[in-house]
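Please read the following points alongside the structure, which is shown first.

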Amino acid sequence: MKAFAMLGIGKTGWIEKERPTCGPLDAIVRPLAVAPCTSDVHTVWEGAIGDRKDMILGHEATGEVVEVGSLVKDFKPGDRVLVPAITPDWNSLEAQAGYSMHSGGMLAGWKFSNFKDGVFAEYFHVNDADGNLALIPEGVDPVDATMLSDMVPTGFHGVELADVRFGDEVLVIGIGPVGLMSVAAAALLGASNIYAVGSRPVTVEAAKSYGANYIIDYHNGSVHEQIMDLTHGKGVDRVVIAGGDNDTFAEAVKVLKPGGVIGNVNYLGLGDFIAIPRIEWGVGMGHKTIKGGLMPGGRLRMEKLAKMVQAGRLDLSKLITHRFNSFDKMEEALLLMKDKPRDLIKPVVIVEPSLSK
């Protein structure tokens, strides 16, 4: 089969590989639409998870089931499905402990383009199909629904980690597609003032449409100084980090009120350490909590998020700024995520011609 792969650090290209085989609990899926992610950029060009040779990239897709294992109960060939980026082993001890995304070891629920071949191929393998696939609901566009693989659940998880509650003032650092979904989730949970950090006009307008009522442009000065000015020196109740770098944590700690929580879902691809400012952290006793987590995966989460889209609570079309109507455009779409032109939020590659608009 044809596939787009990481050939080595800094190198990508098309390769031929054997079609994956289906275990008794598993499924083989052909993609309907796929989306490159900044994580793919970290993987290839930063070597963030180490060198990989001829590993098929990609972890965001919707697809059609072509084969299921003998023990799969709820899916059959021809079903159109949502595929989460995180596909845990649901019988693992880590899943039983409530941390399915770490089943088999830290971050090991993230299998696609990490421990095994990803979804940028004519066919891909999904482990534990009954636990990890979800049917695409009627009325939900399979192209828009690629955002349910990673962008939506990761952005929402940042808000979960930060424990946002109604009336909270919330700062979202980074308004790429994940941060935009954090803005949307904070608004849905009843946050009062939502401060969004970003500068590109396309993401700023999207952030406002999802519920941000203050935009912080880091080109105009430090984030914490701008936030403290806007809040009259009080700071914010919650911070979601969805972008930036290792130094971003310092900005977040400085603006957080005592008793507040930082939820980080930003992939830190470089560096060895994160600096936390001692004084602003209350010399270690400020009750300022920092949480970082990989999003949960699995069928239930996909079904619940898809219901929100189906019910009109969440518009995913705003995230997709670039559509490519051919699988052959995979490299072009990935390079967009690498270069991030000013008009980009998220590109999608449509593999199934009938879905092209």
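1. The axes of helix α4 (residues 151–162) and helix α5 (residues 177–188) come within 7 Å and cross at roughly 55°, where axes are lines fitted to C-alpha atoms, for helices over the stretch in contact, and angles run from 0 to 180 degrees between N-to-C directions. Helices (H or I, at least four residues) and strands (E, at least two) are DSSP runs, numbered from the N terminus. The two helices, α4 and α5, are therefore oblique to each other, a class left over once angles under 35 degrees (roughly parallel), over 145 (roughly antiparallel) and 65 to 115 (roughly perpendicular) are set aside.

2. This is a predicted model, in which local features need pLDDT of at least 70 and side-chain atom pairs count only at pLDDT 80 or more, while totals for chains, interfaces and linings use all residues. Residues are numbered from 1 along each chain as its sequence is written, and side-chain values use heavy atoms, with hydrogens and water left out.

3. On the α4 side, the contact (heavy atoms within 4.5 Å) is made by M151, V152, T154, G155, F156 and V159, and on the α5 side by P177, V178, M181, S182, A185, A186 and L188.

4. An open sheet is formed by 6 strands with parallel pairing, in the order β11-β10-β9-β12-β13-β14; two strands pair if DSSP finds at least two bridges between them. Because β11 (214–216) and β14 (289–292) stand at the edges with a single partner strand each, one side of each is left without a neighbour in the sheet.

5. Strand β10 (residues 194–197) runs parallel to β11 and is joined to it by 3 bridges, with V197 standing opposite I216 in β11. Helix α4 packs on this sheet, touching β12 (236–241), β13 (256–264) and β14, and its direction makes about 150° with that of β13.
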